Amino acid sequence: MPAEAIRLAAGQPQDAPAPVGRRAERKKAAHALVHELLAQGYSRRAIARHLGWGLNTVLRYASAARWQDTVRENRPRPSRLDPYKPYLKRRFAEGCTSVTRLHGELVAEHAPVAYGMVRAYIATLRGAPSEASPRAPTVRQVTGWLTRHPATLTEENSADLKDVLTRCPELATAAGHGRDFGEILSGRLGSTLPAWIGAVDASQLPGLTGFALHLLRDLDAVTAGLTLDWSSGSIEGAVNRIKKIKRQLYGRAGFALLRKMILLQ
């Protein structure tokens, strides 16, 4: 039989990737050895006697043009259970996982199957990954999508966020208020803050409504902070640095040492 016919019979196309692994290495070495002895003038029977192999094994290596042609594809053997596997898979998906019950159902239909065959197949179904729906995003992921600028999100993240907001109208409303507040912060639109607070109060969203109403306690200061270019951030940072140095002294020194520590740092 020609080499091309052998490859087609073995189910291996000519451009198939070469097998890998220990078994493939042994096949490659044996094929090279047989063809080397053939090139030296040995007959196939002489090669079998010399190597201690069976004649059919030597003939298989000798008739193969490439060592890959000697690798046979391991195909599952047919089983008497094959016609009933779709039924077992459907019953397993419906929640019936008892091997005894499933075997009894097949025996009642005069199926020529043994208990061990059904048990082995059900074991493979238990170990197979379930075709569950995609995993829902975590709270941390959704929070990150909501607090980041929409332009920085990937297409996949944007699609996932859109799906989440579609499923939860309250979260979609909160996301809209968050985007509006972000525009007030970045654009210094402090004059629109009262309107934003009113819209949030009307939505009655837990947490967000409380935050908005809390801003009314010092609305003038918050509006100024969202409008003017000046900021007390540097002063707050200096105060926090002084508090940190004071805590590092563990109350063991007075004002003089604290002053020196602040000046040296």
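Visitor: Which residues are linked with Arg90 in a network of salt bridges?

Guide: The network of salt bridges joins Arg90, Arg91, Glu94, Arg101 and Glu105. Keep in mind that this is a predicted model.

Visitor: How do I read a salt bridge here?

Guide: Look for a side-chain nitrogen of Lys or Arg within 4 Å of a carboxyl oxygen of Asp or Glu. Take Arg90 and Glu94: their closest N and O atoms are 3.1 Å apart, so they form a salt bridge. Arg91 also forms a salt bridge with Glu94, with the closest N and O atoms 3.1 Å apart.

Visitor: Is Arg91 buried or exposed?

Guide: Buried means under 20% relative accessible area. Arg91 has 13% relative accessibility, so Arg91 counts as buried. Arg90 is partly exposed, at a relative accessible area of 43%.

Visitor: How many salt bridges does a search of the whole structure find?

Guide: The search finds 7 salt bridges. One of them pairs Arg188 with Asp229, whose closest N and O atoms are 3.6 Å apart.

Visitor: Which parts of the chain does that pair link?

Guide: Distant ones, 41 residues apart. Arg188 sits in the loop between helix 10 (169-187) and helix 11 (193-203). Asp229 sits in the loop between helix 13 (219-225) and helix 14 (233-248). Arg188 is partly exposed, with a relative accessible area of 38%. Asp229 counts as exposed, at 64% relative accessibility.

Visitor: How many helices and strands are in the protein chain?

Guide: The protein chain has 15 helices and 0 strands.

Visitor: How do I read the packing of two helices?

Guide: Start with the axes, then the angle, then the residues that meet. The axes of helix 2 (residues 22-39) and helix 4 (residues 55-63) come within 9 Å. They cross at roughly 85 degrees. An angle of 65 to 115 degrees counts as roughly perpendicular. So helix 2 is roughly perpendicular to helix 4.

Visitor: Which residues in helix 2 and helix 4 meet?

Guide: From helix 2 come Lys27, Ala30, His31, Val34, His35 and Leu38. From helix 4 come Val58, Arg60, Tyr61 and Ala62. By class, this contact of helix 2 with helix 4 has 6 nonpolar, 2 polar and 2 charged residues.

Visitor: At what angle do helix 8 and helix 9 pack?

Guide: Helix 8 (residues 139-147) and helix 9 (residues 155-167) pack at about 105 degrees, with axes 10 Å apart. Helix 8 and helix 9 are therefore roughly perpendicular to each other. In helix 8, Val142, Trp145 and Leu146 take part. In helix 9, their partners are Asn157, Asp160, Leu161, Val164 and Leu165. The residues of the contact of helix 8 with helix 9 divide into 6 nonpolar, 1 polar and 1 charged.

Visitor: How far apart are Gly176 and Leu146 in sequence and in space?

Guide: They are 30 residues apart in sequence. In space, the C-alpha to C-alpha distance is 9.3 Å. Gly176 lies in helix 10. Gly176 is buried, with a relative accessible area of 17%.

Visitor: What about the protein chain as a whole?

Guide: Begin with burial. Of the 265 residues in the protein chain, 25% are buried. Next, the surface. The protein chain exposes about 19100 Å², and carbon and sulfur atoms supply 57% of that. Last, the contacts. Among contacts between residues at least 6 apart in sequence, 50% join residues at least 24 apart.

Definitions and conventions. Residues are numbered from 1 along each chain as its sequence is written. This is a predicted model: local features need pLDDT of at least 70, side-chain atom pairs count only at pLDDT 80 or more; totals for chains, interfaces and linings use all residues. Side-chain values use heavy atoms; hydrogens and water are left out. Buried means under 20% relative accessible area, exposed over 50%, partly exposed in between (1.4 Å probe, protein chains only). Helices (H or I, at least four residues) and strands (E, at least two) are DSSP runs, numbered from the N terminus. Axes are lines fitted to C-alpha atoms, for helices over the stretch in contact, and angles run from 0 to 180 degrees between N-to-C directions. Angles under 35 degrees count as roughly parallel, over 145 as roughly antiparallel, 65 to 115 as roughly perpendicular and the rest as oblique. Contact means heavy atoms within 4.5 Å. Ala, Val, Leu, Ile, Met, Phe, Trp, Tyr, Cys and Pro count as nonpolar, Asp, Glu, Lys and Arg as charged, and the others, Gly among them, as polar. Accessible areas come from the Shrake-Rupley method with a 1.4 Å probe; for residues, only the protein chains shown count as cover.
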